[in-house]
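Please read it alongside the sequence and the 3D view.

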Amino acid sequence: MLLAVAATLAMVTAGSSARAQDLSAGVQSQTGPRLDFPAGLATDGRAVYVANSRNNTVEAIDPASKSLRIVAGKLFQQGSNDGTGDSARFNSPDGMTINGQNLYLCDTNNSDIRQVSVSGTVTTVAGTANIAGTEDGTGSAAHFNLPTQIATDGTSLYVADSGNNSIRRITLADFKVKTIAGQSGTSGKTEGGADKSLFAGPRGVAVDKKAIYVADTGNDVIRMIDLSSLQTSTLAGTGEEGDKDGPANEAQFNNPGAICTDGAFLYVLDADNHSVRKIDLAAKTVTKLTLVNGHIGSGCALTSDGKQLYFSDTTENAVEVVDTSSGNVTTLFPPGQ
């Protein structure tokens, strides 16, 4: 099964176990390391990568030592420069995903998509920094508007382009961008094909072998886009703000954000209900996996076996981990919290 946040984790772990060590080794060590408004997350089984959004850095947490290292960017320095390590700059980076040996992320306030290689080299692969827009195209010819979360199925990247109320697809072979759902500049809640569907500020995206899943945040529903037909339908939620479990078509959410899937279950960070929700994709039922004391951020990542879910906690400036069977929550970073 493919994971929304790390579709190729099994391949990475089995075929190139040194990848995490390569990406996070030799980078800057923080003095008094900390997170400030942690956002997007991704994991390759050896490290958990964090978009440290207010620090404008991408960092790696070693789950064994619970140490934090900077992979790219320079603390407190905002910008859009490509480059290696601390010569690169970001502007409120958010959602992340791993494909092969590369990390891809939404550099939200720059309205572009960046790639971080094994060597820590940052490259802008789609969009142009500080130029928001709706255009499809290849590489810098395309434009985004405050993209938030990103997922991969191994051949393409899928982006929740929140400011454009749309879902964009980036083909990894050529970085060609295409709008596959939603109408840029128009907000709504309409089902149908790519030329008819409407969304309202979507902030979460995940993908498996069958569908692209979207947290349609402004509509308080979870949508799904069939990968073959690109037809959009509602998976869960009534569209009324609330906190209700049960059959998917009767469930209610309140400001759902980041999502991730292992192909059997879809996990939703239901921000204003302070909870992690679990959708059984076969049974189409919604349950509450766990409650969260603080505010849930926009980071969500599953381990390759689907047994642990990492999520960002912006109240505690922490990355938490929840057991997907029991709902028990522990803190990954900072240690001792």
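In this predicted model, the charged end of Arg-223 sits over the ring of Phe-199. The charged end of Arg-277 is placed over a ring as well, that of Phe-253. The table lists both cases with their distances.

| Charged residue | Ring | Distance from ring centre |
|---|---|---|
| Arg-223 | Phe-199 | 4.6 Å |
| Arg-277 | Phe-253 | 4.7 Å |

Rings can also pair with each other. The count here is 1 aromatic pair. Phe-265 and Tyr-267 form this pair, with 6.5 Å from centre to centre. Their planes are 45° apart, and the pair is classed as tilted. Is each partner buried or exposed, or in between? Phe-265 has a relative accessibility of 26%, so it counts as partly exposed. Tyr-267 has a relative accessible area of 1% and is therefore buried, because the cut-off for buried is under 20%.

Next comes a residue in a strand. Ser-156 belongs to strand β12, which covers residues 156-161. Its relative accessibility is 7%, so Ser-156 counts as buried. Leaving aside residues up to four places away in sequence, Ser-156 touches Ala-151, Arg-169, Ile-170, Thr-171 and Leu-172.

Last, the confidence. The average pLDDT of the protein chain is 91, and 91% of the residues score at least 70. Residues 1-22, however, have a pLDDT below 50; this stretch has 74 contacts in the model beyond near neighbours in sequence. For residues 24-31 the pLDDT stays under 50 too, and the model has 17 contacts for them beyond four places in sequence.

Terms used:
Residues are numbered from 1 along each chain as its sequence is written. This is a predicted model: local features need pLDDT of at least 70, side-chain atom pairs count only at pLDDT 80 or more; totals for chains, interfaces and linings use all residues. Side-chain values use heavy atoms; hydrogens and water are left out. Rings of Phe, Tyr and Trp (its six-membered ring) pair if their centres lie within 6.5 Å; planes under 30 degrees apart count as stacked, over 60 as edge-to-face and the rest as tilted. Buried means under 20% relative accessible area, exposed over 50%, partly exposed in between (1.4 Å probe, protein chains only). A charge sits over a ring if NZ of Lys or CZ of Arg is within 6 Å of the ring centre and within 35 degrees of the ring normal. Helices (H or I, at least four residues) and strands (E, at least two) are DSSP runs, numbered from the N terminus. Contact means heavy atoms within 4.5 Å. pLDDT is the predictor's confidence in each residue, from 0 to 100.
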